[in-house]
Amino acid sequence: MTHTVTTRTRASRLATIAAVLLIAAGLALPAFVDRSMIKDLFFILTMLTLAQYWNLLAGYGGLVSVGQQAFVGLGAYGLFGAAIVWGMDPVLALPLAGLFALAVAIPTAFFAFRLAGAYFAIGTWVVAEVVRLSIAQWKAVGGGTGTSLPRSVQADMTGTDFVGTLFGVRSAAAQDILSYWLALALAVATIGGIYLLLRSKAGLALAAVRDNAEAARAVGVDAGRMKWLVFLAASFGTGLTGALIYLQKGRISPEAAFSVTDWTAYVIFITVIGGIGTIEGPIIGILVFFVLQTLFADYGSTYLLALGMIGILVMLFAPRGIWGAITDRTGLQFFPIRRRLQKTPRPEP
Amino acid sequence: MTILELDHVSKSFGALKVTDDVSFTVAAGEALGIIGPNGAGKSTLFNLITGNLLSDRGSITLLGRDVTRISPMQRCLMGVGRSFQIPQPFSNLTVFENLVVAATHGRGLPEREVTDDCVRVLEQTELLARANQSAGSLSLLGRKRLELARAMATGPKLLLLDEIAGGLTEGECHALVDTIRAIHASGVTIVWIEHVLHALTSVVDRLLVLDFGRLIATGACDDVMARREVQEIYLGIDV
């Protein structure tokens, strides 16, 4: 007998097929639905991406940050800076915006990693406030009041003409479709990338550190390097997503781009009610959040109170989130990472 | 060849001296037992050897290299494997995955190259049937075996066992000792802290006695146990 290792389950095979079909449908969708639907989907995809990165940080890396709005804002301002100051094509400037967030993440990690637990959380928030106040001094992108992307910059974006011709729509609608496609690509790449990371040797080390950091170090796991890896990856991804969100909005201000409510509180809500520490959790979470927002957002502070109540109820009765409760009952896993050792008969010579 | 050398190592927690000027060497292929009453500083000594604690004074040499200041992770890569006194499994991973973490990170190998080795260690430690079970669901004996297996998966030259036989029934203890003896016979150097003396002396060649952080006796098992001060301090016998 020899042994082989597999992670696949029947549910994951079905999930692979479903994912391929969903992505294909997602790409073709702009041909069939109106602009407001495309905008809603853009919102869902970008919030899902932010939630996946926060989940990577807190759920897998144990780094509970409440300062992720720093990287959303940095990515967004990186994009506006590149487009307005250097005159770059905003679509091509997206990766650069991610790198801008990454560049600030390195010194941030250097300081924040000296703190643990709740102190780390507060530390990241403080850093985010410092970054917001600093960016508000940047006059070229509007200082404290903010600015808009020049219309010419948006209209000349790479791909706008192509999308416009393809769907026979005007420039403004073409920009929305292009942003939506980019959001779809980013969400797919993020989920795929995180899943590959979790299935790798590094992902196994992350799980080991989460279970028992001392024992992990004793078997040669570099726990410190894991924290850096997760924090920098999440900062880059969050920055990239922030840049895309503000490319679509077309207008930026420090208050909005560094909003702790929009980019961290909602994101934590999505991850926690969906199920922290699972890839499926944020997917469920964003759907619940979107429905709640669509139905109740007009009620203002009552809506926020209701969100808080739902958060508390989920924590009390399903502490591992909605998806956690589902897997506990059914054992269902669409993104399995557990390695199973299987006996395979030795092939006949 | 000397595999491990401690030279005048001391460690204090505040005013409490837990390791007091300890020096000894371990030869390659040897099995050394460490005994002493509770609180004598045995586990602290292990933590100093693995690097989980840093010594205040003295030096620790591993395979000819001074490791006094280097991290537990690097010492693991150099060939130090350890079991914890209270089993510390990665509870949410399976037994097999526990070993894969140790084998890939402890030896710096890619995952596809370690499967066969992990299976061999699982067979050796009689955990193969439980390979896909989550580590948190193991019995005490299972957890003790997993401690041993995970340390073995790192491919250690020096294996440190911390009270691995404690809390087991006579039969379980016997089976575990057989496994440890087989590991020693395969060429792994062992340093073993244990209160279950008959288990310890059936494997080790030499004993070292600690009391209040000081090394008070060392030598062949029978000689050491026959010494009056050892019987007084360790066994509490008033001779």
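Which side chains meet in a salt bridge (2.5 Å, N to O)? I noted A:Arg339 and B:Glu111 as the pair. The model I looked at is predicted.

**Entry: links between the chains**

I looked up the count of salt bridges between chain B and chain A and found two; the one joining A:Arg339 to B:Glu111 is among them. I then looked up polar contacts and found twelve residue pairs between chain B and chain A, both residues at pLDDT 80 or more. On the chain B side, I noted that helix H2 (72-78), helix H3 (95-107) and helix H4 (115-124) each supply at least two residues that touch chain A. H3(B) gives the most to this side, with eight residues. I sorted the residues of chain B that touch chain A into 16 nonpolar, 13 polar and four charged.

**Entry: extent of the contact**

I counted 33 residues from chain B and 27 residues from chain A in the contact. The two chains bury about 2,600 Å² between them, and 61% of that lies on carbon and sulfur atoms. I also looked up which residues of chain B lose the most area to chain A: they are B:Met73, B:Phe90 and B:His105, together 24% of what the chain B side buries.

**Entry: a hairpin in chain B**

I moved on to strand E1 (residues 2-13) and strand E2 (residues 16-27) of chain B, which pair in the antiparallel sense over eight bridges. For B:Phe13, I found the bridge partner in E2(B) to be B:Leu16. E1(B) and E2(B) form a hairpin with two residues between them. In the turn I noted B:Gly14, with a positive phi of about 65°.

Methods
Residues are numbered from 1 along each chain as its sequence is written. Chains are lettered from A and ligands numbered from 1 in the order in which they are written. This is a predicted model: local features need pLDDT of at least 70, side-chain atom pairs count only at pLDDT 80 or more; totals for chains, interfaces and linings use all residues. Side-chain values use heavy atoms; hydrogens and water are left out. Contact means heavy atoms within 4.5 Å. Buried area is the accessible area (1.4 Å probe) that two parts lose on being put together, summed over both. A salt bridge is a side-chain nitrogen of Lys or Arg within 4 Å of a carboxyl oxygen of Asp or Glu. A polar contact is a pair of N or O atoms within 3.5 Å; within protein, one must be able to donate a hydrogen and the other to accept it, and residues adjacent in sequence count only if both atoms are side-chain atoms. Helices (H or I, at least four residues) and strands (E, at least two) are DSSP runs, numbered from the N terminus. Ala, Val, Leu, Ile, Met, Phe, Trp, Tyr, Cys and Pro count as nonpolar, Asp, Glu, Lys and Arg as charged, and the others, Gly among them, as polar. Two strands pair if DSSP finds at least two bridges between them.
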